[in-house]
Amino acid sequence: MKTTRLLVALALLVTALPTYGQAKKKQVLNLFCWSEYVPQSVIDGFTKETGIKVNVENYASNEEMLSKLLAGGSNYDLVQPSEYTVEALIKVDKLEPLNFEAIPNIKNIDPKYMKLPFDPEGKYSVPWMVGTVGIVVNTAKVKTPITGYKDVFDGTHKRRIVVLNDAREIVTWALATVGVSANDLTPENLEKAKPILANWLPQVKVYDSDSPKTALLNGDVDLGIVWSGEAAILWKKNKKFTYVLPAEGAHQFIDSLAIPKGAPNKENAEKFINYILKPEVSVLVSEDFPYTNPNAEAVKLLKPEQRANPASYPTGEPKLETFKDIGKAAKDIDVLVTDLKAAKKKK
Amino acid sequence: MQAAIGVPETSGSRRPGLLGWLLMTPMLLWLAAFVIAPTLILLVYSFCQRDDLGQVVYAFTWENYERIFFDPDTGKFGSTYLTVFLRSILYAGLTTVICLVVGYPVAWFIGRAPEGRRNLLLTLVMIPFWTSFLIRTYAWITILSTNGLLNSFLVDYTRLIAEPFEMLYTPGAVVLGLVYSYLPFLILPVYGSVEKLDNSLVEAAFDLGAGPVRAFQKVILPLTQPGIVAGILLVFIPSLGMFAITQLMGGGTEPTIGEVIQNQFLQARDWPFGAALGMTIVLLFAVVFWCTSRRQNALEN
């Protein structure tokens, strides 16, 4: 008897739960973004202005976001993919076209960052931050000039190098030294990259994508091939850390905002996009994450010191290339790099 | 788990009644939802393929397991991944041995301490758990790096060495990080056995003429064996799969199996292969567990 009564009570409780949830329903935005990329002050400011509560969930790589989004069952309203992931998502029809009437602040974006090949009509994505992958040199330790990947791996800096722990990045650098595009990852080209990487990888001391600046700051390494935002923070801390865009060519990435197909709160997502495009909001992002801000009006508001940062706003005419989606080749690249890392020990 | 390692078999003596089942329900549901179901999903995925975007395609293949065990060029047994497995086992084994050598005397000391002091000592062992292990690992990075605390102490204050010593991002740092993190997992179960040990048995051994070595070997070791076995499993298994410490303190230059699996899910978009690697570890654990519990039973009989 007692058990029956308990079961009845349990059943009542379970049916009551959803009603409780609905009663409290108010305007929300489910934001799925990179960890350490959207300042809390921006989120708080948005909630204060619009009354919309923001639920934040983080990811650490485009691939992680992609798989969660494609697995379905999620109800994200706004995601933050990089350019090649935008392209992949458009290909499988997983993005909503944006209603630009609700996003008038799009006019603040520098036109050179709009309608790029990954979203040729500029229908689906709005650039968040732009960055490059380049070489950081601790000039207090390295006295020889460093102009490209070849100088980093010339053998004189053995075990004094930190690089991103990202197979595609690493392979791209090797291919750049033989003049192959970052998006031309055929098996023959990977074969070309193999001997180069077999020479390079044993010289690396640390692989770190999350915070490569740590090893440089702690003096464990003297050179790094890292995200420009990390390099900008290093330069801010100490001017001995200079940033060089490799002469062979560098990867430029465009992290964007996009709305997944079927997002439950599309209007709120558009309100958020419009909000972060305000120059005075955008500078808050630049403050914490000193990548290249594609918002031309926001750049005008930056302090001279911020605009002088060579990692955030590189000068000259660097050779830059954006990534395209490479589909199955992601596996071949991972096999290549894992093999070479493991092989190091065998010798 | 506890029943299988050490504690005498009690099944058959009493079957659980309705209340017993009811009390066990949360645990059984938990196991079903978070252990059995995920393992089954992993098993299914490990025989699947994937499409360009990394979505799992439900089409049967052996390919993932072939990739683990056989060289793609020669078709012979042996591959990169087996090398990685072997290295991870080596790290985990070394960690376990060091934990045992360091942890056993500590557990013995705590277990033999006056009752009032035991709780204090146990609290000291557990205090590190109050801080997230990631934060503690970052603390080690601060201590061991080239400009870190230890090096600046040795170079600038004591002048024992002229040049900073390379400690971080070496295999030694990895093992240090693992030992540091998992040592309490060995101390606690061994302490449990030591505390239960009847001192009169040890005294009897001495009275019957056994020296310290013999008394330890013939009386103390067998009686604390359940704690040792539990401790070994609790240290070996998690350190085999660990990826955060090995990556942070080893610099990722010599990937461990945990790092390779993580890559399959987060970078290579190859869930089926990651699942196959995961299943291989599960299988390995099953073998280790089976061996230790068999040995345990043999000893008890």
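Tutor: A residue is buried if 20 or more other C-beta atoms, placed from the backbone, lie within 10 Å of its own, exposed if 12 or fewer, and partly exposed in between. The model is predicted: local features need pLDDT of at least 70, side-chain atom pairs count only at pLDDT 80 or more, and totals for chains, interfaces and linings use all residues. Residues are numbered from 1 along each chain as its sequence is written, with chains lettered from A and ligands numbered from 1 in the order in which they are written.

Student: Why is A:Arg159 called partly exposed?

Tutor: A:Arg159 has 16 other C-beta atoms within 10 Å; the limits are 20 or more for buried and 12 or fewer for exposed, so A:Arg159 is partly exposed.

Student: What makes A:Asp93 exposed?

Tutor: A:Asp93 has 8 other C-beta atoms within 10 Å, and is therefore exposed.

Student: Where does A:Asp93 lie, in terms of α4 and β4?

Tutor: A:Asp93 is in the loop between α4 (83-91) and β4 (125-138) of chain A; helices (H or I, at least four residues) and strands (E, at least two) are DSSP runs, numbered from the N terminus. Phi of A:Asp93 is near 60 degrees, a positive value. Phi of A:Arg159, in the loop between α5 (149-152) and β5 (161-163), is also near 60 degrees. Most residues other than glycine have a negative phi.

Student: How many residues of chain A are in contact with chain B?

Tutor: 33 residues of chain A are in contact (C-beta atoms, placed from the backbone, within 7 Å) with 27 residues of chain B. On the chain A side, α14(A) gives the most, with 10 residues.

Note on methods
Contact = placed C-beta atoms within 7 Å.
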